[in-house]
Each structure stands twice: as C-alpha cells, then as structure tokens.
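Here's a quick question-and-answer tour for someone meeting this structure for the first time. Have a look at it, then read on.

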Amino acid sequence: MAAVTAQDAWGWFSGVPLQILVTVVAAVVARAVLHRAIRGFVDTTVSRREGRIVDRGRSAVGMVATKAGINTERHRQRTLTLGSLLRSVVTFVISLITLLTVMALLGIPLAPLLASAGVGGVALGFGAQSLVKDFLSGVFMILEDQYGVGDLVDTGEAIGTVEEVTLRITRLRDAQGVVWYVRNGEIIRIANRSQGWSTATVDLPFSYREDVDRVGRIIREAISGLEDEPEWSGAVLDPPQLLGVESITGGTVTMRVLARCAPDEHWGVQREIRRRVKDAFDREGVKGPPFPPVATV
C-alpha cells in the first residue's frame, strides 16, 4: 500500500472538498452579512420613526395625532416582526441553495430528487393548507398594520386586548381575563377599537316640561373647557359638542353630546360628562324624566 503524500492529500482536497468548504463558508458569510443588513435596516427604521413622532409632537397637528394613538412601541414591534420574518426567509433560501450546490458537487442527481420533492410538496401543501393560510394571513396582517400589541380588537370570535401577534396566531385577553388564541387564517374580519380615535356619545334625558334652550345652555356650560383641563386633555381631542334633541318619548326629552376622544378613552369621558351635567342639573333645578308608573297587583 503506497503512502499518501502531502501532495496527494492536497490534490484530493483541492478538488470537490475545497469547493464544498468554500460554498459553505460563502453561505455562512452571506447569511451573516444579510442578517446584519436587516438588523441595521430595522434599527434605522425604528429610530427614524421615533424622530418623526418627536418632531410632529411639537406642532398642534402633531399633538392631536399623538393623542389619537400613534404608538411608537407598536411600530417598533411590527418592524421587529418583519425583520425576524426577513431573516428567516434569508436563512431558508441560503440554506436551500447551499444544500443543492453541495449535492451537485458530490455528483448526486438533482432532477429525480427535485421531482420527488415537487410531488411531496404538493401532498404536503394539501395537508397543511390551514397552516399556510394562517402564515399568509399573519404576514398580511403585519404588513398592513391591521392591529398591534395593546390594541382592543373584535375578531368575531372574541373581543379583547392583543397580547401577542405571531405569524400563525393572535393572543387576546378579554375583559374577564380569559386568554384567547385565534388562528390568523380564521379571522374573517377585524374591528380595531384602538386606532385613530374613538367617539364618546352621551344621551342626557330630562323632563318634557323643561325649557329646551335653557337646558341646552346649562349642558354647554357644564362640558365647556373639558378638553383643556390637565386631567382630560390627553383623552379629549376636540371640544364636546351638543348636537341637540335626540328623541322625545312620553314625558322625556333626550339631548345628545358627542366628543372625539383618544382610543379607548371614551368610556371615562362619557362618565365624566354625565357627572358634570348631573351636578349642573341639580344646581339649576332641572327636573329629570318622570318615573315610570309602578304596577299594582
């Protein structure tokens, strides 16, 4: 048996093994470079977004927009999720190309393998339709920014606050503390109650015998300046508006007040408006609606 010399070893290694090694090293370097570029893009996007929000917050329009729910943390999480998705795609593509290249260098015929993989992929696609549907729905939900962590949403199946958004499921927690795991592919429609602004609608009933103009003046005075008070300036975006008489039923006249509020803040604003108007009615002697007759046996 002849001894293997260094020249023979190098001659063997400089062929296919060296090509495989170069291919693997190039794949690792390419993956690292692309991942670094994606992380840099994500960090830059988040920083620019935060800078724009700070600049816009210095203007009157920016203050209203900020109160209306421009959420830096939500944008950050959305950007990080997209960055994670891009890194996963890059890793998968590079790994697949590297594997096919190494197999070709080893002389393994790829045509039968690719044909078998195609048939297997079709079978797997039929068996995993729901998983693919969930994944694609999650991608579009994130890209379109339909909702984010902290939003109060109605998915049709459950109503609650979003705690986590992944590419497959959305986790909600409802008012009773129950956690709901909703598959993204099963969400047909979504109602986001935390985007933009919300509306506080308050109906104020009083006796039919009261003067409508006088009562309207009392209500306007009671709700005037609510949006400028420090406690409510972050919740009320515009001055509350008295729309007028909403209904007349029996001995009751109802007037409606409308106020544009920050997301999820309309509940507290409605309660505050009712409290102020009730106190004003008491001071001015405005009578409430008559009690319904009590049935006697």
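Q: Which residues in α8 do R214, V215, I218, I219, A222 and I223 in α7 meet?
A: This is a predicted model, where local features need pLDDT of at least 70, side-chain atom pairs count only at pLDDT 80 or more, and totals for chains, interfaces and linings use all residues. Residues are numbered from 1 along each chain as its sequence is written, and side-chain values use heavy atoms, with hydrogens and water left out. Contact here means heavy atoms within 4.5 Å, and by class the α7–α8 contact has nine nonpolar, no polar and three charged residues (Ala, Val, Leu, Ile, Met, Phe, Trp, Tyr, Cys and Pro count as nonpolar, Asp, Glu, Lys and Arg as charged, and the others, Gly among them, as polar). The α8 partners are I273, R276, V277, A280, F281 and E284.

Q: Are α7 and α8 parallel, antiparallel, perpendicular or oblique to each other?
A: Helices (H or I, at least four residues) and strands (E, at least two) are DSSP runs, numbered from the N terminus. Axes are lines fitted to C-alpha atoms, for helices over the stretch in contact, with angles from 0 to 180 degrees between N-to-C directions; under 35 degrees counts as roughly parallel, over 145 as roughly antiparallel, 65 to 115 as roughly perpendicular and the rest as oblique. Helix α7 (residues 212–223) and helix α8 (residues 266–284) pack at about 130°, their axes 9 Å apart. The pair is therefore oblique.

Q: Which strands stand at the edges of the sheet, each with a single partner strand?
A: Two strands pair if DSSP finds at least two bridges between them. The open sheet has three strands in the order β6-β8-β7, with antiparallel pairing. One side of each edge strand has no neighbour in the sheet, so the edges are β6 (198–207) and β7 (241–249).

Q: Which residue in β8 stands opposite D203?
A: β6 and strand β8 (residues 252–261) run antiparallel and are joined by ten bridges. Opposite D203 stands R256.

Q: At about what angle does α8 run to β6?
A: α8 lies across two strands, β6 and β8. Its direction makes an angle with β6 of about 25°.

Q: Which residue takes a positive phi in the hairpin of β3 and β4?
A: Strand β3 (residues 169–173) and strand β4 (residues 179–183) run antiparallel, with five bridges joining them. R171 stands opposite Y181 in β4. Five residues sit between the strands of the hairpin, and the one with a positive phi near 90° is G177.
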